[in-house]
Amino acid sequence: MSYSRTYRNSNGVGAYRRNRNEGRNEGQAATGIQAEQPQQEETAAPSLERVNRRDGFTMFRPDEKKRAHLTEMARQEEEQANAHREARRVRRVHERPARVGGSTGYNTVINQKQKAVTSASKGLEMQKKREKWQQEKREREERELQEKKAKARAQVARVGCEIFRAFLTLHTLT
């Protein structure tokens with residue numbers, strides 16, 4: 001139940017309106033029988049009425065249909081959430097231990113792994129061999145170049161000596 005403050009409607013000397021029927025009865029003659037009838041209706045009606053005004057406060061009674069509908073919806077949503085949680089729950093695996101890997105033995109598996117490692121390292125070995133071959137080729141070319149230079153120097157020296165000899169012979173003749 002919720003309460004709220006109502007404002008004072010004065011119809012004279014500080015009178016409060018207690019319910020909807022009270023204002024209608026004020027205009028009528030206030031005889032004892034007529035004044036008591038609304039009071040009896042008032043006491044019988046509160047179970048049916050949702051709004052009850054009293055002493056400057058208004059009491060709103062909850063709507064039972066709406067409340068029942070909301071509680072039913074909440075129950076259904078909770079059931080759906082629980083079903084969803086149950087469907088997504090991680091379950092234990094119950095499996096008997098068994099041999100895995102087929103019919104291959106331990107030694108066979110070790111040999112296969114060693115072959116895989118060596119085949120993977122073959123690429124590295126090939127790269128090292130290629131680098132070594134290129135280095136040898138460079139060294140060979142460098143040696144050949146040095147030999148050619150030495151031969152050229154020797155030839156120049158030989159030719160130079162011949163020219164020098166020819167020069168000397170020319171100068172000595174004159």
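User: Which residue pairs with Arg 75 at 2.4 Å, N to O, in a salt bridge?

Analyst: Glu 72 does: the two side chains meet in a salt bridge. Keep in mind that this is a predicted model.

User: Where do Arg 75 and Glu 72 lie?

Analyst: Both are in helix H3, residues 64–88. They sit three residues apart, about one turn of the helix.

User: Which residue besides that forms a salt bridge with Arg 75?

Analyst: Glu 79. Its closest N and O atoms to those of Arg 75 are 2.4 Å apart. Glu 79 and Arg 75 are four residues apart in helix H3, so about one helical turn separates them.

User: How exposed is Arg 75? And what about Glu 72 and Glu 79?

Analyst: Arg 75 is partly exposed, at 39% relative accessible area. Glu 72 is partly exposed too, at 32%. Glu 79 has 45% and is also partly exposed.

User: OK, how many salt bridges does the structure hold?

Analyst: Four. One of them joins the side chains of Arg 91 and Glu 86, at 3.5 Å from N to O. Arg 91 is partly exposed at 49%, and Glu 86 is partly exposed at 39%.

User: Which residues do shared partners join into one network?

Analyst: Glu 72, Arg 75 and Glu 79, through their salt bridges.

User: Switching topic. Which residues form a nonpolar patch on the surface?

Analyst: Phe 164, Phe 167 and Leu 168. Together they have about 300 Å² of accessible area.

User: Which helix is Phe 164 in?

Analyst: Helix H4, which covers residues 106–173.

Technical notes:
Residues are numbered from 1 along each chain as its sequence is written. This is a predicted model: local features need pLDDT of at least 70, side-chain atom pairs count only at pLDDT 80 or more; totals for chains, interfaces and linings use all residues. Side-chain values use heavy atoms; hydrogens and water are left out. Patches are made of residues with over 30% relative accessible area and no salt bridge: like charges are joined within 9 Å, nonpolar side chains (Val, Leu, Ile, Met, Phe, Trp, Tyr) within 5 Å. Accessible areas come from the Shrake-Rupley method with a 1.4 Å probe; for residues, only the protein chains shown count as cover. Helices (H or I, at least four residues) and strands (E, at least two) are DSSP runs, numbered from the N terminus. Buried means under 20% relative accessible area, exposed over 50%, partly exposed in between (1.4 Å probe, protein chains only).
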